Amino acid sequence: MGETPFESFFHGRPGRGVPRGAHRLPLERTFRCRATLRGPAVAPMARYEEFVRLHEAISAPPRVHGRRLWLCGLGTALIAGALMFAGVGIFRGLLGIQVPAFVGEGLDAEAAALAYAVCSSTATLQATALLHVLLAVSERPVKAFLWIGVTAVTLVTLLPFTLRVPVEAALATSALDLAGGSLIVGLLAGVARACVEWPEPPPSPYRRRGAA
């Protein structure tokens, strides 16, 4: 005859060398209700559908408007090129300072200004490509771009002081590089925020507390 929950040795009979009443349970614990043997109630999957949708919306990658980004990058390149052209023309043509410092005195002001404008525009387009890559693969693209941009601007600003040129030429070139680099990095960082569209989380079916 099988044992029942009402028997004293429901959890097994005592072995050899064990006192006869060692495995006996207290009176109030000898009865086990059948309802307690059931597992915990499993919530229906419909209760978790809202959490699944919210997780999918948060983990979804942002949408990058590439056309808008490159149009803004092209505009930034034109602005940076015009700034460098005007700066080199003023320093080299009017003030007679050898700007940029790495260009010799044999080159006239217009050619030097055009060369520096082309270099700054090219650097802006390269920065736009870097920003596009960061927007596609990085979790915090704007922050990463700012760190890279600040590092690059710092190096370009300090570069003229490593050349054997007059002090005024190094100072003017450094100031021009700092102004142009800060303009490029700042404008592209602002463009990045306007060219990224983050997915919105689905509306919650539950009302907030205190809502009408």
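Let me begin with T157, which counts as buried because its relative accessibility is 12%, where buried means under 20% relative accessible area, exposed means over 50%, and partly exposed covers what lies in between, with a 1.4 Å probe and protein chains only. Before I go on, please keep in mind that this is a predicted model, in which local features need pLDDT of at least 70 and side-chain atom pairs count only at pLDDT 80 or more, while totals for chains, interfaces and linings use all residues. Residues are numbered from 1 along each chain as its sequence is written, and side-chain values use heavy atoms, with hydrogens and water left out.

T157 lies in helix 4, which covers residues 141-158; helices (H or I, at least four residues) and strands (E, at least two) are DSSP runs numbered from the N terminus. Leaving aside residues up to four places away in sequence, T157 touches S174, D177 and L178, and by contact I mean heavy atoms within 4.5 Å.

Now the chain as a whole. There are five helices and two strands, and reading along the sequence gives the order α-β-α-α-α-α-β. Of the 212 residues in the chain, 28% are buried. If we take the contacts between residues at least 6 apart in sequence, 68% of them join residues at least 24 apart. The chain exposes about 15100 Å², with carbon and sulfur atoms supplying 64% of that area; such areas come from the Shrake-Rupley method with a 1.4 Å probe, and for residues only the protein chains shown count as cover.

Next, the helix packing. Helix 3, residues 109-137, packs with helix 4 at an angle of about 145 degrees, their axes being 9 Å apart; axes are lines fitted to C-alpha atoms, for helices over the stretch in contact, and angles run from 0 to 180 degrees between N-to-C directions. On the helix 3 side the contact is made by A127, L130, L131, L134 and L135, and on the helix 4 side by P141, A144, F145 and I148. Sorted by class, this contact of helix 3 with helix 4 has nine nonpolar, no polar and no charged residues, where Ala, Val, Leu, Ile, Met, Phe, Trp, Tyr, Cys and Pro count as nonpolar, Asp, Glu, Lys and Arg as charged, and the others, Gly among them, as polar.

Helix 3 also packs with helix 5, residues 167-194, at an angle of about 35 degrees, with the axes 11 Å apart. Here Y116, S120, T124, A127, T128, L131 and L135 of helix 3 meet T173, L176, D177, I184, L188 and A192 of helix 5. By class, the contact of helix 3 with helix 5 has eight nonpolar, four polar and one charged residues.

Let us turn to helix 2, residues 66-94, where G75 is placed.

Finally, the cysteines. How many disulfides are there? The count comes to zero, a disulfide being a pair of cysteine sulfur atoms within 2.5 Å. For C72, the closest cysteine sulfur is in C195, and because it is 4.8 Å away, it is too far for a bond. C72 counts as partly exposed at 31% relative accessibility, and C119 counts as partly exposed at 49%.
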